[in-house]
Amino acid sequence: MKLVVFGATGNVGQRVVAEALGRGHEVVGVVRDPEAVQSPDKRVRLVKGDATNPDSVAKIARGADAVVSAISPRPNTRGLPAPSLPANSRALIKGLRDAGVKRVLYVG
C-alpha cells in the first residue's frame, strides 16, 4: 500500500511512518520545509507540500492508497507559520476527492 503522510517528520508523524514501514507499506513523507529536516527513514522520500492547499494535496496524493494527516498546528523553528487545522480539513476533503484517494486518517 502506498501511504502519503503529511507531517512525516513530526513527533506523531515519525511514529506513523515507522509503523507503516514495519508493515511493509511504501511511504511518501510531506513536509513544509524539506531543506530543514531529515527523513525519519532512508526508505521515505520527503517532498515539499502544503497540507492546507487542496491543489498541493491533490498533486502529492495522486496514486496513493491512503493519506495520513499528522500535522501540528504550531509554527516551525525556521519561522513558517502554524498551519490551520480547519484549512487542512478543507484541503484534504477537496484535494483527496480530486486525486481519487478514498482513505484518510487524522492523528495528532
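## Helix α3

Helix α3 covers residues 85–99, 15 residues in total. From first C-alpha to last it reaches 20 Å, close to the expected 21 Å. That expected span is 1.5 Å times one less than the number of residues. Helices here are DSSP runs of H or I with at least four residues, and strands are runs of E with at least two, numbered from the N terminus.

This is a predicted model: local features need pLDDT of at least 70, and side-chain atom pairs count only at pLDDT 80 or more, while totals for chains, interfaces and linings use all residues. Residues are numbered from 1 along each chain as its sequence is written, and side-chain values use heavy atoms, without hydrogens and water.

## Two faces

Five strands form an open sheet, ordered β3-β2-β1-β4-β5, with parallel pairing. Two strands pair if DSSP finds at least two bridges between them. β3 (45–48) and β5 stand at the edges with a single partner each, so one side of each lacks a neighbour in the sheet.

Four bridges join β1 to β4. L3 stands opposite A66 in β4.
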